[in-house]
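Subject: Structure handover

Hello,

Below is the structure I am passing on to you. My notes on what was found in it follow.

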Amino acid sequence: MFNEKPVALLIKEIIIENERVKTFVIDGEMDFKPGQFTMCWIPGFDEKPFGLVSRKKSEFMITVAAVGTSTKALHMMEVSDMLGFRGPFGSAFILPVSGSIALIAGGYGMASLFNLAKEAREKGIDVHVFLGARNKDELLYLDWMKELGAVLHLATDDGSEGYKGFNVQVFEDWVKNEGGPRGGIFTKVYTVGPEIMEMKIASICWEKSIPFEVSLERYMKCGFGICGQCCVDPVGWRMCVEGPVINGEKLKQITEFSKYHRTASGKIEKYPWNKDK
Ligand SMILES: Cc1cc2nc3c(=O)[nH]c(=O)nc-3n(C[C@H](O)[C@H](O)[C@H](O)COP(=O)(O)OP(=O)(O)OC[C@H]3O[C@@H](n4cnc5c(N)ncnc54)[C@H](O)[C@@H]3O)c2cc1C
Ligand code: FES
């Protein structure tokens with residue numbers, strides 16, 4: 001299915017992932033490539049972008065963190081309620097032919113990476129997942145990743161599961177120890193999560209010359225290239241068409257990466273770690 005106009009579909013199941021995150025299983029097909037997103041119309045509120053996930057052809061899912069007005073309204077919805085969907089939109093991740101890949105995710109980032117992991121395993125590619133969260137309840141999709149046979153490297157801020165600290169550190173240590181039992185080399189790296197995490201992964205990959213791709217989120221309105229809301233400086237690429245998946249070489253040209261983004265009104269908003277620069 002590809003739709004430029006919203007199609008009304010039924011919520012088939014709601015999985016409560018943790019206090020802040022729910023997965024909505026949708027009764028309908030969405031023929032997407034890993035890394036692409038949908039624009040979801042929440043009746044009475046707004047239309048918002050979410051990463052696409054699917055475990056079987058007859059249904060797809062979105063995993064949503066309740067952060068503001070629309071996502072909180074979505075969390076109030078129930079099984080059999082209807083949502084509108086457009087898409088799929090945007091660029092997709094590209095897998096290597098063989099080898100071993102690392103997926104580094106924080107927050108709801110695993111949603112955009114799940115189908116990449118699934119496709120990689122189907123092609124016999126080794127998948128290492130470096131998953132980070134505030135605590136063990138917020139580590140998403142653990143059982144699904146285990147079922148796929150991915151190697152899990154977990155990190156939590158409070159140490160309730162895995163390494164106490166950031167998943168970036170676990171990844172960096174693994175890459176540094178490439179000859180050792182707790183280390184290895186990756187054919188390609190993929191990262192989706194908070195931009196500060198993506199920036200640190202990008203720095204490691206540039207330094208070590210490891211090919212990588214990031215998903216770069218920018219405020220989106222139309223989702224398919226006409227409003228210009230999601231253009232990035234100075235190149236003007238639209239993150240809903242040329243992105244959100246961007247490779248490491250192209251990323252070097254996006255000078256706003258990890259420095260600032262634009263709000264709904266187009267105003268530049270510096271990231272907290274870049275405020276005094
Ligand atoms: C390509 C892409 C994929 C995404 N995938 C997911 C996902 O899988 N799960 C998930 O929970 N969230 C995802 N998001 C973020 C999600 O779209 C926002 O959290 C959501 O729009 C917040 O809306 P709100 O009204 O609840 O919050 P608001 O209070 O309006 O905003 C809260 C935060 O979300 C950002 N945001 C708000 N509206 C948009 C918008 N239209 N486009 C981009 N950012 C916005 C704001 O900048 C702010 O930082 C994705 C965003 C993009 C661009
Ligand atoms: S959201 Fe309109 S051009 Fe990208």
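Ser80 has a relative accessibility of 47%, so it counts as partly exposed. Please keep in mind throughout that this is a predicted model. Ser80 sits in the loop that runs between α1 (69–75) and β6. Its phi is near 85°, which is positive although the residue is not a glycine.

Ser258 belongs to the loop between α6 (248–251) and β14 (260–262). With a relative accessible area of 10%, Ser258 is buried, as the cut-off for that word is under 20%.

These angles are listed because most residues other than glycine have a negative phi; the next section is there because most peptide bonds are trans.

**Cis peptide bonds**

Two cis bonds can be reported. One joins Gly87 to Pro88, with omega near 5°. Pro88 is part of strand β6, which covers residues 82–89.

The other cis bond goes from Gly243 to Pro244, and here omega is near 5°. Gly243 is placed in the loop between β12 (212–215) and β13 (245–247), and Pro244 is in the loop between β12 and β13. Gly243 counts as buried because its relative accessibility is 0%. Along the sequence, Gly243 and Arg218 are 25 residues apart, while their C-alpha atoms are 9.4 Å apart in space.

**The largest nonpolar core**

The largest nonpolar core has 34 residues, and the members that touch the most others are Leu103, Met110, Leu113, Tyr141 and Met145. At least two residues of this core come from each of these elements: the strands β2, β5 (59–65), β7 (100–106), β8 (126–133) and β11 (188–192), and the helices α2 (110–122) and α3 (142–148). Helix α2 gives the largest share, with seven residues.

**A negative patch on the surface**

Which residues form the negative surface patch? They are Glu19, Asp137, Asp157 and Asp158. Of these, Glu19 is located in the loop between β1 (3–16) and β2 (21–27). Is Glu19 buried or exposed? Its relative accessibility is 82%, and therefore Glu19 counts as exposed, the cut-off being over 50%.

Regards

Notes
Residues numbered from 1 in each chain as written. Chains lettered and ligands numbered in written order. Predicted model: local features only at pLDDT ≥ 70, side-chain atom pairs only at ≥ 80, totals over all residues. Heavy atoms only, no water. Patch = residues over 30% accessible without salt bridge, like charges linked within 9 Å, V, L, I, M, F, W, Y side chains within 5 Å. Areas by Shrake-Rupley, 256 points an atom, 1.4 Å probe, with all protein chains shown as cover. Salt bridge = Lys/Arg side-chain N within 4 Å of Asp/Glu carboxyl O. Lys, Arg positive; Asp, Glu negative; His and termini not counted. Charge placed at Lys NZ, Arg CZ, Asp CG, Glu CD. Helix = DSSP H or I, 4+ residues; strand = E, 2+ residues; numbered from the N terminus. Buried < 20%, exposed > 50% of the residue type's maximum accessible area, 1.4 Å probe, protein only. Core = buried A, V, L, I, M, F, W, Y, C linked by side-chain atoms within 4.5 Å.
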